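Trainee: Before I look at any details, could you show me how to read the sheets and helices of a structure?
Mentor: Gladly; let us take the features in turn, beginning with the general idea and then coming to the case at hand.

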Amino acid sequence: MKLQTLVLREIFERKSQLLTSFLAILLGITVIVSIKNITYYSEKAVAREMDSLGANVLVLPKSATLQDYYAADMQGETIPEEYVTQLAMSDLAGLDNLSPKLSVPVELQGKTFTLTGILPKSEFQAKAAWSGAGIFSRPIGCGASVGMMGSDDKKTLARKRVIETLEDNEVLLGADVAAKLGLKEADRLEVLGRPFQVTAVLPQTGTVDDSRVFAHLHVVQDLSNQGPVINAIEVIGCCQEISKGLVEKINRLLPDAKVVTITQIADAQIKINRMMSNLSLMFLVIIVFVGGASIANYMYANVFERRREIGTLMALGAGSGLVLRIFLLKALILGAAGGGGGYVLGTVLAVVLGPKLAGVLVLPMPVLALPAVGISVALALAASYFPARRAARLDPCATFQEV
Amino acid sequence: MTRTLLSLGMVAAALSATGAAFAQSPPGLRPAAASKGMAAIEHAAAGGKYLFVFFWREQNPQTDAMWNVLQPAMGKFGAAAELVAVHVTDPAEKPIVTRFGVDRSPVPLVLALAPNGAITKAFPLKLDEKQLSQAFVSRGTAECLRALQARKLVLLCVQSRSAYVRQVSIQPGVADFAADARFAPATEIVSVDPADPAEASLLRDLQVDPGAVGPTTVLLAPPGSVVGKFVGAVSKEQLVAALQAAQSNPCAGGKCGPGGCGPKR
């Protein structure tokens with residue numbers, strides 16, 4: 001009989017005990033793999049957000065909470081629109097691109113979307129020049145973008161988050177809105193009883209912006225009877241260096257508003273990721289203790305129950321090395337199966353639950369397979385070593401005396 | 001008592017500013033009339049004077065404080081400036097309120113208008129006398145501001161005037177750019193003499209050496225960004241290239257340091 005056959009028969013001899021040990025190791029690896037996978041993609045999403053948004057600053061009502069940068073203007077509380085003018089007219093550097101927003105829910109063809117009022121740059125840029133001659137000595141080109149006359153591509157709203165011009169009868173549609181309503185550029189759309197023309201369908205962003213209908217801020221204020229108020233002001237593309245001091249300066253200028261940077265919002269997400277990472281480490285420690293104890297216990301019981309068979313095998317000429325190999329090979333198979341299974345199950349869980357739990361798209365990470373199997377095998381071998389050594393040191397005579 | 005005096009002061013200022021009888025009666029009793037503010041703008045422009053437009057909504061300590069700074073300062077400015085008070089909820093003042101978008105601006109607000117119509121300074125909610133004097137700018141600055149506030153590009157030509165001919169000859173590159181159909185409707189050429197002491201402040205802000213040999217051309221984009229600076233002769237292609245570079249890169253010429261500036265593309 002070959003070694004492999006002996007091991008396979010040994011494995012399936014005590015199925016229930018085997019299953020318990022296998023499950024301990026499988027579930028432990030599953031949890032670690034899924035947490036690692038989700039954490040990785042969540043961190044990537046935060047990094048991407050930071051990259052695409054630069055050093056943006058948000059001006060919000062005092063009572064607003066911070067969870068999602070893109071949905072910061074959807075919390076209902078408002079601030080006066082005059083804050084925009086106050087910012088535009090101030091001497092503060094780094095306020096070249098402002099994007100005030102007012103969002104209200106709307107129902108279109110039986111589906112609920114968000115109607116977001118935005119103020120085109122043309123409406124407040126002149127007021128920025130009201131700060132007088134001092135405007136010429138500001139840092140050159142810092143965060144400012146120059147709109148070439150006649151080349152106002154409205155689709156850049158998705159990327160730049162600022163638009164140069166927007167007429168009262170124009171709307172821009174998020175990608176999801178256009179897809180769900182079957183609308184394209186130049187189509188007509190009625191929102192809250194007022195007809196609009198679709199000027200552009202914005203490219204997919206993977207954020208709540210995809211479910212928005214963008215119109216002129218003053219039109220949205222009129223349609224929602226809210227008066228000259230806004231939910232948030234986004235200050236876009238200012239320098240990292242400027243934004244550090246900018247928050248304090250805006251706070252002094254607008255004491256009744258809450259001023260935060262994208263970094264602060266990202267920090268909250270990073271903290272969650274760090275917590276997930278620590279949780280994953282904690283699971284690793286638990287699996288080492290629980291899984292290892294379970295395997296060791298299973299192996300000790302196995303050696304004890306099979307001591308007569310081991311004695312017989314040794315009496316027939318099998319050496320200690322062979323007995324040691326039988327038990328270690330068994331542990332190796334158990335560890336590899338648990339690790340491999342745990343990786344597959346963990347990956348499936350991460351891919352399915354990731355978008356729901358963390359709001360990010362999660363893809364399989366083959367790079368985790370090797371560590372998962374490695375940890376599992378190492379754990380199984382370490383836990384089985386002493387029981388296997390005990391089996392290898394059994395005295396055949398002593399075992400036969402018990403018969 | 002103070003408030004009564006304030007109201008009287010506003011009326012007096014309005015009268016002295018426009019030189020016409022613009023009585024400040026309650027909105028409900030006043031017959032439909034032309035905007036006092038708009039008339040004051042025309043009057044000041046015709047006289048080549050600066051105009052301080054004081055927008056107010058209600059009398060409160062903030063309004064009083066601003067007015068109490070503004071009124072005595074006007075005495076010091078003498079004939080150089082005029083003052084008009086505009087009540088933003090007065091239906092007759094709708095044209096001026098709409099023109100400057102004051103209905104969505106913080107009030108009280110003081111706007112300083114140069115004789116050419118450019119707003120040379122805005123003072124929302126508070127001001128002091130020292131700040132008021134900053135509203136007086138050079139001719140070149142006022143022309144640049146007017147064009148930028150109209151969302152136009154400015155080609156600022158810094159070149160000495162001929163000792164014999166008081167006419168400035170525009171560089172061919174600048175003239176070509178301004179004549180290009182793509183830029184012509186939204187471009188304005190402003191020329192200043194580097195020897196003019198009144199323009200020293202503007203040149204200092206733009207970091208242009210007034211003693212430089214030959215002309216210097218500065219391309220400005222709204223609201224006041226320096227898109228390009230060219231010492232010596234400049235071609236239309238160079239100006240277009242500078243404009244395109246500024247359009248594609250928010251940090252063009254910027255000195256934001258490490259860490260980047262603006263969203264990555």
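What follows goes from the chains to their sheets and then to a pair of helices.

Mentor: Please keep in mind throughout that this is a predicted model.

Trainee: How many helices and strands are there in chain A, and how many in chain B?

Mentor: Chain A has 13 helices and 11 strands, while chain B has 9 helices and 8 strands. As for burial, 46% of the 403 residues of chain A count as buried, and in chain B buried residues make up 43% of 265.

Trainee: What share of the contacts in each chain comes from residues 24 or more positions apart?

Mentor: Counting contacts with a separation of 6 or more, residues 24 or more positions apart account for 83% in chain A, and for 62% in chain B.

Trainee: In what order do the 9 strands of the open sheet in chain A lie?

Mentor: In chain A the order is S6-S7-S5-S8-S4-S3-S10-S1-S11, and the pairing is mixed. Strands S6 (188-191) and S11 (257-261) of chain A stand at the edges with a single partner strand each, so one side of each has no neighbour in the sheet. From one strand to the next, the twist averages 35°.

Trainee: Which strands stand at the edges of the open sheet of 4 strands in chain B?

Mentor: This sheet has the order S2-S1-S3-S4 with mixed pairing, and strands S2 (81-87) and S4 (119-124) of chain B stand at its edges, each with a single partner strand, so one side of each is left without a neighbour in the sheet. With direction ignored, neighbouring strands are turned by 15° against each other on average. Within the sheet, strand S1 (residues 50-56) of chain B runs antiparallel to strand S3 (residues 109-113) of chain B, joined by 5 bridges, and B:Phe54 stands opposite B:Val110 in S3(B).

Trainee: At what angle do H11(A) and H12(A) pack?

Mentor: Two packed helices are described by the angle between their axes and by the distance between those axes. Helix H11 (residues 320-357) and helix H12 (residues 369-392) of chain A pack at about 155°, with their axes 7 Å apart. The two helices, H11(A) and H12(A), are therefore roughly antiparallel to each other. H11(A) passes H12(A) in a right-handed crossing, and their contact has 21 nonpolar, 8 polar and 1 charged residues.

Notes: Residues numbered from 1 in each chain as written. Chains lettered and ligands numbered in written order. Predicted model: local features only at pLDDT ≥ 70, side-chain atom pairs only at ≥ 80, totals over all residues. Pairing = 2+ DSSP bridges. Axes fitted to C-alpha atoms, helices over the stretch in contact; angles between N-to-C directions. Buried ≥ 20, exposed ≤ 12 C-beta atoms within 10 Å, placed from the backbone. Contact = placed C-beta atoms within 7 Å. Parallel < 35°, antiparallel > 145°, perpendicular 65-115°, else oblique. Left-handed = near helix turned anticlockwise from the far one by under 90°. Nonpolar A, V, L, I, M, F, W, Y, C, P; charged D, E, K, R; others polar.
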